[in-house]
Amino acid sequence: LSINAFDYNCHLDLIKLLRQEGELVKLRRARQKMSELFPLTEEIWLDWLKDEIKMASEISEREKVYELFERAVKDYICPEIWLEYAQYSIGGIGQEGGIEKVRSIFERALTAVGLHVTKGTALWEAYREFENAILETAQPAPGSIPSPEQQQMLCSQLEKIHTLFRRQLGIPLLDMEASYAEYEEWSEEPIPEATIKNYKKALQQLEKCKPYEEALLGAETPKLAEYQAYIDFEMKAGDPARIQLIYERALAENCLVPDLWARYNQYLDRQLKVKELVLSAHDRAVRNCPWTVGLWIRYLLAMERHRVEHSIISEMFEKALNAGFIQATDYVEIWQAYLDYLRRRVDFTQDSSKELEELRSAFARAVEYLKQEVEERFSESGDPSCTIMQNWARVEARLCNNMQKARELWDNIMTKGNAKYANMWLEYYNLERAHGDTQHCRKALHRAVQCTSDYPEHVCEVLLTLERIEGTLEDWDAAVQKTENRLARVNEQRAKAAEKEAALAKQEEERAEQRKQARAEKKASKKAKKTRTGDKRKADEDDEGEWGQEEELPSKRHRGEGDGVLPEENMEVETGLFGRSEKPDGPAIPKEKASTSRKDIPKVFHDSSKDKVTVFVSNLSYTMAEPEAKLRELFGSCGEVVEIRAVFNNKGTFRGYCYVQFREEEAARQALALDRTAVEGRPMFVSPCVDKNKNPDFKV
């Protein structure tokens, strides 16, 4: 855990060992650390609570157990934990306000899980037993006459029990017929007509729910399809409490499914809109699936929607940056979401403000973060078209009236390899057109004509249109001359490229014909050889030399041998908005020849029938020496390693990924816990071996 604090299984093993040895203080500390990183399952919470209950004798210690229960019920909706909480609270009934505290916990439990079709009945029965016990203590001694106060208290207590029965009978729960029979037997008065009507209605609703409950009972984990059918059924019915409960039940068994969290949070955001409920669900979502950037973005939006303090939102954003997203574009998305939030805080009617400075500072930090942190990890920034810088330029131009800063930003964008794209020039031109001046528009289009290589005709047309509307005769002549010269060079280059392509195609046809002819000759040679093998004596005595040697076939030309290399055209390409060209970093360095050739090594193929005992390991260093030995040592702790298939390119360079096959399926599952372990300074990614073609919806 000191190496990788996010190793879930390692936390479980440590807790198990400490519990076996009775190390209660260390056990409490270990559980505390795990609960800070992960939501805990029902089983882990119940074990923890039972251990703490055994040790809690003083009132102060009981209060700590109450706090622990409060944390437990927030992780997942668990009827067993709520029942344990309510029953434990009965032990404090002798304290001041004890009875009311017990009732409060029971009521909260019923709100949370009282609608649970299969497990809700136990809570209702426990609540009634508690109220019946109070009724027994309120009964006067045999033979005595109760005082008016006692009589009033008895009537009040009886009414509480009546109310509980009536409330329960209006809810579709398993074995509700037994509850109805119990009420008939307990009540000295006839059951009210309204209660009977609600009971029958609940019975009808129970019959509709039973197929879904039976499907869940018979299904194998993870039961996602069965839960989704149940959710769709409840969504049509439209009862918010029941919809929330079935989502919570599904998440308790599928807490690592980001799409399920996303659908649940979307429902809460759009329908219930209760701050505590919404924010709690979002928080649990990102704790369960921290690698999913969409959940973090929804959380930030929900916090802004419910007017959470700025410092808390900023703190949550920093947590998101450290969540360990699996692709570079995820970091661009989370930064953009945070920048959008900061932009909405700014009052742009003021020339300057603290919020505006914070926004500019965040834009600068985002650009630097993508350049340094993200590029170092993924070898790309995730933002090749500089969308964050483009948005920054729009904010400066449109909202801050600072066109000079916008031009500086666009100059920076163009020097990052975007000057050859027409759409980038036109994006800048449109910004300049709306908030700048004609002089800069003209300058930008002249540069675009000179630099664009994908759609030069389009930028030429835009330049001519500008001069047609606003230019002088001199401007028009200059534009026509520039566009004609440029398009002439482009057409000449395209013609050369077409000629070379045709020549290459012709050479390929010739090679194909040669290969066809060689095959025909070889086939004919084999046929002739076969017809003459009958005369063994002649073959042995006279023609041994002739038949002992195979006719030499013309050697095949290697693809590309003798082909002309397409030279770079002498195109006028300059970087930046204003023609400032940057010096190259240094002379071109020829690629070194691989010291050892692996062309004789066959390609690494994976047998999909071994998926269950295989993991896919990636993000390893290309310079790793002897990856098979290194990984065998690393994964040996998980179980017996059958084979490690490292993938190399034709030059013998390790490509940074491999397949690790184990003897047992359990060993492969344990190997997944090594995900993000640091290996030679890089986080190693370990994921299940799944064929995406056969399982397109599978997500790690």
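**Loops, a helix and a hairpin**

Tutor: Happy to! Keep in mind that this is a predicted model. Let's start with Lys-223, which sits in the loop between α10 and α11.

Student: What is the phi of Lys-223 like?

Tutor: Lys-223 has a positive phi of about 60°, although it is not a glycine. Most residues other than glycine have a negative phi.

Student: And is Lys-223 buried or exposed?

Tutor: Lys-223 counts as buried, because its relative accessibility is 15% and the cut-off for buried is under 20%.

Student: Which residues does the cis peptide bond join?

Tutor: The cis bond joins Thr-221 and Pro-222, with omega at about 15°. Pro-222 lies in the loop between α10 (193-218) and α11 (224-237). Most peptide bonds are trans.

Student: Where is Ser-379, and what is its phi?

Tutor: Ser-379 is in the loop between α18 (354-378) and α19 (387-399). Its phi is positive, about 65°, and Ser-379 is not a glycine either. Ser-379 is exposed, with a relative accessible area of 66%.

Student: Changing topic: how many helices and strands does the chain have?

Tutor: There are 28 helices and 5 strands in the chain. Of its 700 residues, 38% count as buried. The chain exposes about 41,600 Å², and carbon and sulfur atoms supply 50% of that area.

Student: Can we look at one helix? Which residues of α5 are buried?

Tutor: Pro-79, Ile-81, Trp-82, Tyr-85, Ala-86, Tyr-88 and Ser-89 are buried in α5.

Student: What do they pack against?

Tutor: The buried residues of α5 pack against α3 (42-55), α4 (59-75), α6 (98-113) and α7 (120-138).

Student: Now the strands. In which sense do β2 and β3 pair?

Tutor: β2 and β3 (residues 654-662) pair in the antiparallel sense over 6 bridges. Arg-645 stands opposite Tyr-659 in β3.

Student: What about the hairpin between them?

Tutor: The hairpin of β2 and β3 has 5 residues between the strands, and Gly-652 there takes a positive phi near 90°.

Student: Last one: why is β2 described as largely enclosed?

Tutor: Because 6 of the 8 residues of β2 (residues 641-648) are buried, β2 is largely enclosed by the rest of the structure.

Notes
Residues are numbered from 1 along each chain as its sequence is written. This is a predicted model: local features need pLDDT of at least 70, side-chain atom pairs count only at pLDDT 80 or more; totals for chains, interfaces and linings use all residues. Side-chain values use heavy atoms; hydrogens and water are left out. Buried means under 20% relative accessible area, exposed over 50%, partly exposed in between (1.4 Å probe, protein chains only). Helices (H or I, at least four residues) and strands (E, at least two) are DSSP runs, numbered from the N terminus. Contact means heavy atoms within 4.5 Å. Accessible areas come from the Shrake-Rupley method with a 1.4 Å probe; for residues, only the protein chains shown count as cover. Two strands pair if DSSP finds at least two bridges between them.
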